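Please keep the sequence and the three-dimensional view at hand while reading.

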Amino acid sequence: MIEAIAALGASESVGLKVPLTGTSVAGFGAVLAQQFERVNGDLSVAERSLQRLSAGEPVELHDVMIALETARIGVQTMVQVRNRMVEAYQDLMRMQI
């Protein structure tokens, strides 16, 4: 099944860079950490471009706005993932054994 998904390139179409080598798939924690690093990188790029704009350096305003929006969407996505994980944990804790 994993090989079929890898052959279709499904992970690239949703923006996840998950290493699919044979039957060994990166764990959920590794994928989550990779996405955190990606969002952190987007935030750094947005901050640098905003600092360059405020310093008066020649920078295109639309590039700054795109970087800021990319960072905002990334942070909102990670907050929603966190909220879903907390909700799933709470559901598990409410289950009766």
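Helices (H or I, at least four residues) and strands (E, at least two) are DSSP runs, numbered from the N terminus.

The structure is a predicted model, in which local features need pLDDT of at least 70 and side-chain atom pairs count only at pLDDT 80 or more, while totals for chains, interfaces and linings use all residues. Residues are numbered from 1 along each chain as its sequence is written, and side-chain values use heavy atoms, with hydrogens and water left out.

The chain as a whole contains four helices and two strands. Along the sequence these elements follow the pattern α-α-β-β-α-α. Confidence is expressed by pLDDT, the predictor's confidence in each residue, from 0 to 100. The chain has a mean pLDDT of 83, and 74% of its residues reach 70 or more. Among the elements, helix α1 (residues 2–8) has the lowest mean pLDDT, 46, whereas α4 has the highest, 95. Over residues 4–14 pLDDT stays under 50, and for this stretch the model has five contacts beyond four places in sequence. A contact here means heavy atoms within 4.5 Å.

Buried means under 20% relative accessible area, exposed means over 50%, and partly exposed lies in between (1.4 Å probe, protein chains only).

Leaving aside residues up to four places away in sequence, S49 touches V64 and A67. Just after α3, G56 takes a positive phi of about 85°.

L50, L53, L61 and M65 make a nonpolar surface patch of about 350 Å². Patches are made of residues with over 30% relative accessible area and no salt bridge; like charges are joined within 9 Å, and nonpolar side chains (Val, Leu, Ile, Met, Phe, Trp, Tyr) within 5 Å. Accessible areas come from the Shrake-Rupley method with a 1.4 Å probe, and for residues only the protein chains shown count as cover. Helices α3 (28–54) and α4 (61–94) each supply at least two residues of the patch. L50 lies in α3 and counts as partly exposed because its relative accessibility is 40%.

Charged side chains come next. Side chains of opposite charge can pair when their charged atoms come close. How many salt bridges does a search of the whole structure find? The search finds three, where a salt bridge is a side-chain nitrogen of Lys or Arg within 4 Å of a carboxyl oxygen of Asp or Glu.

One of them joins the side chains of R52 and E57, at 3.0 Å from N to O. R52 is partly exposed, with a relative accessible area of 38%, and E57 is also partly exposed, at 39%. Another joins R72 and E69, at 2.3 Å from N to O. These two residues are three places apart in helix α4 and so are separated by about one helical turn. An α-helix has 3.6 residues a turn, so residues three or four places apart point the same way. R94 forms a salt bridge with D91, with the closest N and O atoms 2.4 Å apart. R94 and D91 are likewise three residues apart in α4, about one helical turn. R94 is exposed, at 57% relative accessible area, while D91 is partly exposed, at 35%.

Totals for the chain complete the picture. Of its 97 residues, 14% count as buried. The chain exposes about 7600 Å², of which carbon and sulfur atoms supply 63%. Among contacts between residues at least 6 apart in sequence, 33% join residues at least 24 apart.
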